[in-house]
Amino acid sequence: MNRRDFLALAGALPVFAAKDAPTAPVAITRCHTYGDELTSSMSDLFDKIGGLSRIVKNKTVTVKVNLTGSPALRLKGKALGVTHYTHPKTIGTMAYLMHRAGAKRVRFVESAWGTSGPLEEYMLDSGWNVRALLSAAPNIEFVNTNGLGTAKKYSRLKISHGGYIFPSFDLNPAYEDTDVLVSMAKLKNHATCGITLSMKNMFGITPASIYGDDAGLDEPNENPTSGRGAVCHAGKRQPASAAAPEKDLNSSRSSFYRMPRIVCDVIGARPLDLAFIDGIETMTGGEGPWVGGELQHVKPGLLIAGTNCVTTDTVGTAVMGYDPRAQQGTPPFSRCDNTLLLAEAAGIGTTDLKNIEVTGASISEVLYRFPHV
Amino acid sequence: MIPVALLFLALAPTDWVPMRWISPDPHSLELLEDSSINCLAVDPAILTKEFREAAKTRKIDLVVIGDADQKAKAEQAGLPFLEETDRGKMKLGSSDPVLVSRQAVWPGINIAEGEAEAMPSGAPWIDTNAGFFRFTRALTKARIWVSSAPPPNRIIPVSRYIHAIADAAFVGGNWVLTLDRDFSQKLLSQDEKALADWKQINAVIRFYAAHRQWNDYRPAGEMAVIQGVKNGGLLSGGVLDMVSSRHTPIRAIPAEHLDTQAMQGIRMAVNTSPASLSTEQKAVLKQFTASGGSLFSAPDDWIMPEPRPDQVTLDKTDITSLDKIWKEVTSMTNRQNLGARLFNVSSMLSNFTVSPDGKLYILHLVNFSDYPIEDITVHLHGKVKSGKLITPEGLNQSVELFEVDEGSGAEISKIISVGAVIFERQ
């Protein structure tokens, strides 16, 4: 971190002290398989935070799943859902439970890697049975938000805290035309951000048509074929000029500085109403098999949910055996800034475990130590 | 006139399943007890009478494969001679029943292009000879073999042999099996692991040999790539391989053979050889587009450099040249169903063919990953009555069919190494 980066972080921190930042209960439950126990475990989990009904009844619900990286890339040949993708069984169960809780419509969304084609086809490429998912409940939709799709124009969502890197994002309108926004994440490490839980999952709502390496210079490229490394991770270029550029072109170009902040900006643009983390089976060492180093498929056997994404991810981080308030230089934030602290400073939620009510299983009961990254 | 050596063969050369044999010992042939390998390439200098008789008893034909200077030795030994040449020197216009190229890529996932990255990347590239086979099979009725020995002092995993054999067989070619020295020695000494690997290899060879009628099936793809011998058609990794790596069912049309009949059933075409077409051929393409076909023609000044004699695959200059047309080709084919669309097949190659009577489709699948691939989906352009998955492991299983916008959908449960789905057309 250089002096400018340090000042930027230090300047942001005093806005909200941990004790002042919002809090909300976080539920943890044991769940060892994606089999028969999944429905009752997820139902139990949501009951512990007040039930799904109060969140989704008569509402249009948009659920951001995590299908990061090309489905071609697998960890030792394992099914994507047991390592780094949201598991299809949790998606089917989520749809069923939301329908049972009175949701009017459930729309599963993701900006699928390297394509703006139908999300259903991306799921087929992932080896999923899309017909079975569609039959899990009535009124289910799948939308690939990597471009505009069938919508007429992008939604510009301003960042409530002003934004660390960007002042606003231009997104597929699915994220605006919804009553409820849910993040369905995996419990994972991340090469750039240390951890990827419900907040980091939301980075994927940024369309590659605008924020991708092959985005148009001015107008969006509605047939994107790559990721967002140049615009977001490295800041080598600006998004398509139809969207707002970065606030400060002289800020650090380090991905370890930029990505935690961009994640906070995304959350600030469209706050989450429900955060769900699948830790039944997952991987350690990184967010996907393309990451170098020691990667392992593991089975922590747990689920986490809450209505505040910062408190939920704080508990998730603690469950992984890390200090959620660790500074840069301490695992899992060995090289990067701590997204949780940045989010807390932005007033999104507290990272102080003393101020977070944990229901169901305790952190110590389900503690599953992830490696130092 | 038929060469004398061909008069005493147990089999028609087109039915040969070849291998370079590993020992002059007649008893070594016992390793072929349950094998479909029926043609052994041997060194006539160490060939014994006993070995010849043992081979004859087992209805195995012996041949000599080598450079032109070995022809005399083969004739002296009374054995058929198959000249192995560079790809560019193959006698594609001859009446030879078998043509052998010594040049091949070792099929498999290209590790260099799939190595770990800090950010998500796309599907890995699969090195393959399939485009070469597709192109040469469209040029000649001869059986096409490739004969590429393992690099010296290198131990080849069994999966690589299986990939090499299947990579040729699934598009109607033959890989002349040549085992590495270590494997050969272990096999001859009855090493348990080597025997188990040998069994696996033979299961795949037997699978294709048992269905040799598939070699007469023609490409069922509705997309054509028009390409010339001197314009990259004989190279691996070119337009044919790039399009088919995206599982677009494809038909190779040599520029030399382009006519109205060759374009029948085609809905989309890429012409990489515009400058080499005759006036009549240009009229065929004009008619094609006038009747609704989509055609992408490379610019007149676009040309792939003529391959060097030692060249098997595209080099950097060729790839740069190809890039100029590739974006157009991908945007044209993107999400189009040109016979079949496949999902969850990124580490596989496929070939979609139709029987001579038009009643059956075969979808060939070869898995190049080290793990079984489960839950593959196929959307066929048109309806089918039934589908059956068969594999070398002995699976013979109906596949679940369902309706999709384009016709019929099918779900394939698992492919371990290779498989074929036989669809009965409605």
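How many residues of chain B are in contact with chain A, and how many residues of chain A do they meet? In this predicted model, 22 residues of chain B are in contact with 25 residues of chain A. Strand 18 of chain B, residues 373-380, gives the largest share of the side of chain B that touches chain A, namely three residues. Sorted by class, that side of chain B holds nine nonpolar, eight polar and five charged residues.

**Chain A as a whole**

Chain A contains 13 helices and 14 strands. A compact globule of 373 residues would have a radius of gyration near 21 Å, and the 19 Å of chain A agrees with this. Along the principal axes, the C-alpha atoms of chain A fill a box of roughly 55 × 45 × 40 Å. Of the 373 residues in chain A, 58% count as buried. Contacts in chain A can also be sorted by how far apart the partners are in sequence. Taking contacts between residues at least 6 apart, 74% join residues at least 24 apart.

**Strand 1 of chain A**

Strand 1 of chain A covers residues 26-30, and four of its five residues are buried. This strand pairs with strand 13 of chain A, residues 302-306, and the two run antiparallel. In that pairing, Ile28(A) has Ile304(A) as its bridge partner. Strand 1 of chain A also pairs with strand 14 of chain A, residues 358-360, this time in the parallel sense. Here Val26(A) has Val358(A) as its bridge partner.

**A sheet in chain B**

Which strands of chain B form an open sheet, and in what order? Seven strands do so, in the order 1-2-3-4-5-8-9, with parallel pairing. Strand 1 (18-20) and strand 9 (174-175) of chain B stand at the edges, and each has a single partner strand, so one side of each is left without a neighbour in the sheet. Strand 4 of chain B spans residues 81-85 and strand 5 of chain B spans residues 98-101. Across this pairing, Glu84(B) stands opposite Val100(B) in strand 5 of chain B. As a general point, the side chains in a regular strand alternate between the two faces of the sheet.

| Strand pair | Bridges and direction |
|---|---|
| Strand 1 and strand 13 of chain A | Five bridges, antiparallel |
| Strand 1 and strand 14 of chain A | Three bridges, parallel |
| Strand 4 and strand 5 of chain B | Two bridges, parallel |

Definitions and conventions. Residues are numbered from 1 along each chain as its sequence is written. Chains are lettered from A and ligands numbered from 1 in the order in which they are written. This is a predicted model: local features need pLDDT of at least 70, side-chain atom pairs count only at pLDDT 80 or more; totals for chains, interfaces and linings use all residues. Two residues are in contact if their C-beta atoms, placed from the backbone, lie within 7 Å. Ala, Val, Leu, Ile, Met, Phe, Trp, Tyr, Cys and Pro count as nonpolar, Asp, Glu, Lys and Arg as charged, and the others, Gly among them, as polar. A residue is buried if 20 or more other C-beta atoms lie within 10 Å of its own, exposed if 12 or fewer, and partly exposed in between; C-beta atoms are placed from the backbone. Two strands pair if DSSP finds at least two bridges between them. The radius of gyration is taken over C-alpha atoms; the globule rule is 2.2 Å times the number of residues to the power 0.38.
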